[in-house]
Amino acid sequence: MNRPTRREIEQWLTQISGETRVHLVGMGGCGMTGLAHLLLDMGFEVTGSDLCENSGLRQLQNRGAVFFLGHNAKKINENRPALVVYSSAIRLDNPELARANQLDIPIVRRAILLSALASCKRVVCVAGMHGKTTTTAMLAHTLEQLGNDVGFAVGAGVPQLGRHARMPSAENSFFVLEADESDGTLREFHPEHSIVLNIDEEHLDFYENFEAVCDEFIAFGKQTSGRLIYCADDPLLPEVYANNLNSISYGFNPVADYQVEIIGPKEFIVRHHQQSIGKFRVGLFGEQNISNAVAVVAFLHSNGFAPNNISEALGKFKGVNRRQQELSCDHRYRIFDDYGHHPREIRATLAALNEQCSGRLLVAFQPHRYTRTKHLLGDFAQCFDGVDLLWITEVYAASEAPIDNINGRRLAEAISESGQPAAFAATLEILRDKIRNALRPGDTILFLGAGDITQVAHQLAKDMHMKEMTHTTELRGLLSSQSTVLENEPLGRHTTLGVGGPAEIYIEPAEEKELAVVLRYAVDKGVPVFILGRGSNLLVRDGGIRGVVISLRHESFSEIEVVDAQIHCGAGARLNHIANAARDAGLKGMEFMEGIPGCLGGALRMNAGAWGGATFEQVIQVRYMSYDGQIEERAADQMGAVYRSCPVLRDHIALGAVLQGVHAEKELVRSTMDELRKQRTESQPHYRSAGCMFKNPEGFSAGKLVDECRLKGLSEGGAKVSEQHGNFIVNDGTATAEDVISLIDTVRTKVREIRGIDLQTEVQIVGER
Ligand SMILES: Cc1cc2nc3c(=O)[nH]c(=O)nc-3n(C[C@H](O)[C@H](O)[C@H](O)COP(=O)(O)OP(=O)(O)OC[C@H]3O[C@@H](n4cnc5c(N)ncnc54)[C@H](O)[C@@H]3O)c2cc1C
């Protein structure tokens with residue numbers, strides 16, 4: 001067989017010219033998909049085959065790769081590739097490999113070609129048994145955010161990177177590679193730097209014993225010319241790399257060069273040789289992900305990147321497909337899909353989910369490969385402790401031949417014998433039905449395994465979504481066509497700050513009766529309700545608001561009627577319209593409302609005020625609805641209004657109010673309003689904002705504190721502390737809610753550090769992360 005070495009392939013790469021065809025056998029696998037992208041980036045013609053199609057293959061086809069379903073020797077005859085590459089999942093008796101052999105076409109393994117393609121770049125390899133996909137993606141994404149032209153090859157889809165792999169365009173760019181140890185190809189890599197996360201008893205189908213696994217990692221360490229960054233918490237790595245002079249350790253271990261301390265659910269401090277280098281945040285949960293993030297921090301810091309910049313860039317990483325990936329999250333269920341197929345990974349994911357989720361934890365596990373199930377049977381039996389319901393499926397073979405008495409049923413029995421009840425689900429259809437029948441609101445469902453169990457996870461998430469969507473259909477059926485009912489309505493459109501994810505269901509009821517219908521439906525079905533005014537005092541998180549968001553924008557809620565010195569207003573009436581109506585009727589008292597961009601409902605709830613006036617000073621009567629649709633009325637002094645809040649309206653929906661004015665000269669009211677408008681225009685920014693972000697602490701002005709701490713102009717993504725008014729955070733048009741929230745955190749931290757004062761937000765932060 002013509003099996004070129006890595007050096008020969010490197011040589012070949014320097015000689016080829018024109019369009020050269022490379023054929024990938026098993027192109028749909030994660031690693032192979034990435035390799036195909038790299039080849040396309042380099043101008044190769046790419047063909048490939050696999051047993052089934054997937055989204056990764058479709059993306060390659062869109063880029064010009066040719067895909068054949070099934071393995072067929074004829075395709076090799078017809079296409080005559082210059083090189084054939086195969087994945088570790090392909091057996092050597094594959095018909096395409098056999099034909100390439102007959103035709104004397106060179107044949108290489110995936111890792112050999114990958115390492116040859118990378119040979120003239122600044123390669124950073126991420127290796128280890130668990131977590132390398134996430135860490136590779138995290139490092140590549142962080143480098144990209146830091147402004148680098150980074151290349152990468154990751155063994156899974158990473159939505160933020162767009163695809164599995166990309167070739168860097170410049171010679172001196174970093175090229176971050178996930179280096180696989182499963183088939184003895186780790187030593188094919190000669191990286192400039194490497195990160196090693198852990199070492200474990202894995203792949204004993206390939207390696208003779210665990211010592212051989214360790215030898216592979218030792219050889220890999222020796223081949224790293226620059227820094228070797230390894231986890232000091234791993235029981236073996238400190239010993240494995242004890243003699244490596246260029247090594248740097250990281251982890252929770254007090255002797256680590258980069259030592260981490262967790263200070264919040266996703267936050268941590270890193271110390272380099274006992275000196276704190278800063279605070280970091282990672283958008284993933286669980287201790288394991290914090291450890292992975294510290295590896296990235298250690299690499300970047302030791303390569304000269306500034307901690308502040310690392311922190312900002314790292315905080316934006318959102319994760320990798322199938323790694324603790326949340327497929328669905330609503331007020332009833334959370335569904336996670338995870339690739340974990342080793343006891344250590346399973347334990348880490350269960351620990352992270354237990355921290356996150358309050359209800360029952362339901363787990364479905366598909367064992368991956370007979371050999372692994374056999375070698376780790378005892379360990380698997382012990383790693384699901386504390387799960388509320390557990391199902392084990394049949395083993396996913398991954399091209400292995402079955403082993404006698406090693407199967408899903410046997411594993412389920414072994415787990416049950418160890419004290420954790422586990423049921424066997426013979427097929428994925430049975431599994432899906434069992435889970436659906438067992439579900440109760442509040443449950444978290446975790447699908448685990450490297451095989452096709454992910455399909456059940458996606459199907460269940462889709463089914464749940466469909467079920468959720470029936471609320472919209474049912475509500476539409478209950479309401480008249482005058483009411484507006486929208487699904488997934490972006491709330492950035494309904495808030496003055498202009499950020500935030502969607503409302504699951506958004507409703508503008510046409511009248512009070514229809515509002516009552518929606519409220520009763522929501523109580524009946526257990527759907528949460530949120531009342532939106534004009535969105536001028538709200539910061540909606542990027543995950544949007546679950547359940548129903550109701551806005552009283554319909555004209556029937558916005559009426560304004562002046563009766564002698566009283567103004568009868570609907571809750572949807574805008575404050576400036578009320579102020580204008582008062583002015584036109586020659587009534588004073590409402591001038592302060594002129595520049596407040598809310599509606600009466602929001603102003604009542606917030607007891608909005610300005611220039612010494614406040615809503616409840618003018619209100620004499622309030623009409624409101626309870627969340628079960630009952631209408632009541634109360635005198636204003638029975639509403640318990642205090643500074644910037646009316647607690648009764650926390651649990652009730654304002655429908656309208658009667659405001660008391662005092663007869664005055666129209667011109668006098670007009671000139672007061674003109675003066676107030678002028679002062680606002682001069683003192684407040686003209687960008688999108690939610691008004692004053694912080695409450696004034698007793699005896700202080702929040703705006704002045706921000707100014708005195710020199711925080712004006714501070715920015716985070718598209719959010720910025722206004723140069724004009726220290727208490728305004730403005731959106732330049734590109735901000736996300738996350739940008740605004742992190743800027744709020746920074747301002748609060750700095751004011752606390754410098755002035756010892758804890759600022760509280762006046763703006764309400766609502767919705768899902
Ligand atoms: C540029 C700018 C300047 C501002 N200036 C001022 C100011 O000078 N003084 C001031 O006090 N505020 C100010 N604000 C903040 C804001 O305008 C007020 O708090 C306003 O009253 C909020 O009304 P809204 O309709 O936008 O309510 P939203 O922001 O939509 O909602 C605020 C709260 O009210 C609740 N709510 C809304 N409608 C109802 C209802 N019908 N029944 C029960 N609860 C309801 C919501 O659930 C939410 O909890 C300013 C904001 C901006 C953007």
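What is the handedness of the crossing of helix 1 and helix 6? In this predicted model, the crossing is right-handed. Helix 1 spans residues 6–15, and helix 6 spans residues 110–117. Their axes come within 9 Å and cross at roughly 50°. An angle in this range is neither roughly parallel nor roughly perpendicular, and the two helices are therefore oblique to each other. Helix 1 contributes Arg6, Ile9, Glu10 and Leu13 to the contact. Helix 6 supplies Ile112, Leu113, Ser115, Ala116 and Leu117. By class, the residues of this contact comprise 6 nonpolar, 1 polar and 2 charged.

Helix 7 covers residues 132–145, and helix 11 covers residues 307–314. The two pack at an angle of about 120°, with their axes 9 Å apart. The crossing of helix 7 with helix 11 is right-handed. On the helix 7 side, the contact involves Met138, His141, Thr142 and Gln145. These meet Ile310, Ala313 and Leu314 of helix 11. The residues of this contact divide into 4 nonpolar and 3 polar, with no charged residue.

The ligand is surrounded by 34 residues. The closest are Ile531, Ser536, Asn537, Gly609 and Gln764. For Gly609, a backbone N or O atom lies 2.6 Å from a nitrogen atom of the ligand.

Technical notes
Residues numbered from 1 in each chain as written. Predicted model: local features only at pLDDT ≥ 70, side-chain atom pairs only at ≥ 80, totals over all residues. Heavy atoms only, no water. Axes fitted to C-alpha atoms, helices over the stretch in contact; angles between N-to-C directions. Helix = DSSP H or I, 4+ residues; strand = E, 2+ residues; numbered from the N terminus. Parallel < 35°, antiparallel > 145°, perpendicular 65-115°, else oblique. Left-handed = near helix turned anticlockwise from the far one by under 90°. Contact = heavy atoms within 4.5 Å. Nonpolar A, V, L, I, M, F, W, Y, C, P; charged D, E, K, R; others polar. Near = heavy atom within 4 Å. Polar contact = N/O pair within 3.5 Å; in protein donor to acceptor, adjacent residues only side chain to side chain.
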